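Me: I'm new to this one and would like to learn how to read it. Could you walk me through it?

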Amino acid sequence: MATDRMIAHVVGVEDLTVIRNLETAFEEETKASAAYKAYAAKADEEGYHGIASLFRATLRAEQIHASNHARVLRHMGASTMIDLPVPRVESTLENLNAALVDQKFEVDYLYPAFLISAVPLFDSTAIRSFHWALEADKSHVRLYGELMPLVNSNETSGWAYEPHDFFVCALCGYAAQHCEAENCPACNYLWEKFETVR
Ligand SMILES: [Fe+2]
Ligand SMILES: [Fe+2]
């Protein structure tokens, strides 16, 4: 099996850093999509069908991020094999908080740092993959921030209990509850090509 030193000799130390960052991002996104899938099932089980829709929209977005990173990794000759842990599932309100913390971490630390490491290489595919994931994850943080106040554990009806349509950009994973523009604000893809997730 090739060691980091052997790979670095072939591709250069800076490229190796970007490959490792892409692998980390791919792993984070894959784990997040598995977690949100489990959270959606738990939310449906608890009667929170609106929150389940939100989890399904963000899980689709994280799948898109993971496959964008994987495409770049394969192009660079790197592996996309990971061990996927079983997600830890709590109550829906705790899961919502965990998902928000998760997305804020990606927006505030993970992707800004990875972008800084990729920009000097002028590797447009890696930069684009990180940039799209960062911008799309900002839309998820916004959605969680807007929708969490509508979730009141003392109520038994309302937004959290009814399934809702969300729109997810098939290219970058940007997510919204309503049509916002003709093109995706993050990647410029046509809004009419967004996926509807419920
Ligand atoms: Fe993401
Ligand atoms: Fe997009």
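Reply: Let's start with a term: two residues are in contact when heavy atoms of theirs lie within 4.5 Å. Keep in mind that this is a predicted model.

Me: Which residues is Phe-130 in contact with, leaving aside its neighbours within four places in sequence?

Reply: Phe-130 touches Val-18, Asn-21, Leu-22, Ala-25, His-69, Tyr-111, Phe-114, Leu-115 and Ala-118.

Me: And how do I read a nonpolar core?

Reply: In soluble globular proteins, nonpolar side chains tend to be buried together. Here the largest nonpolar core has 50 residues, and Ile-51, Phe-55 and Phe-130 have the most contacts inside it. At least two residues of this core come from each of helix 2, helix 3, helix 4 (92-118), helix 5 (124-147) and strand 1. Helix 3 gives the largest share, 12 residues. Another core, of 11 residues, lies apart from that one; among its members are Tyr-174, Cys-184, Ala-186 and Phe-194.

Me: On to the metals. What are the protein donors of the iron ion (ligand 2)?

Reply: They are the SG atoms of Cys-169, Cys-172, Cys-184 and Cys-187, 2.3 Å from the ion. Along the chain, these donors follow the spacing C-x2-C-x11-C-x2-C. Cys-172 sits in the loop between strand 1 (166-168) and strand 2 (175-176), while Cys-184 is 12 residues away in the loop between strand 2 and strand 3 (195-197), so this pair links distant parts of the chain.

Me: Why is the arrangement around the iron ion (ligand 2) called tetrahedral?

Reply: The general idea first: ideal angles at a metal are 109.5 degrees for four tetrahedral donors. To count as tetrahedral, four donors need all angles between 85 and 135 degrees. The 4 donor atoms of the iron ion (ligand 2) subtend angles of 99 to 115°, so the arrangement is tetrahedral.

Me: Is Cys-187 buried or exposed?

Reply: Buried means under 20% relative accessible area, so Cys-187, at 14%, counts as buried. Cys-169 is buried too, at 0%, and Cys-172 and Cys-184 are both buried. As for disulfides, the structure holds 0.

Key. Residues are numbered from 1 along each chain as its sequence is written. Chains are lettered from A and ligands numbered from 1 in the order in which they are written. This is a predicted model: local features need pLDDT of at least 70, side-chain atom pairs count only at pLDDT 80 or more; totals for chains, interfaces and linings use all residues. Side-chain values use heavy atoms; hydrogens and water are left out. Donors are N, O and S atoms within 2.8 Å of the metal (3.2 Å for Na, K and Ca); water is not among the atoms, so sites may look incomplete. Four donors count as tetrahedral if all angles lie between 85 and 135 degrees; four count as square planar and six as octahedral if opposite donors are over 155 degrees apart and all others between 65 and 115; anything else is irregular. Helices (H or I, at least four residues) and strands (E, at least two) are DSSP runs, numbered from the N terminus. Buried means under 20% relative accessible area, exposed over 50%, partly exposed in between (1.4 Å probe, protein chains only). A disulfide is a pair of cysteine sulfur atoms within 2.5 Å. A nonpolar core is a set of buried Ala, Val, Leu, Ile, Met, Phe, Trp, Tyr and Cys residues joined through side-chain atoms within 4.5 Å.
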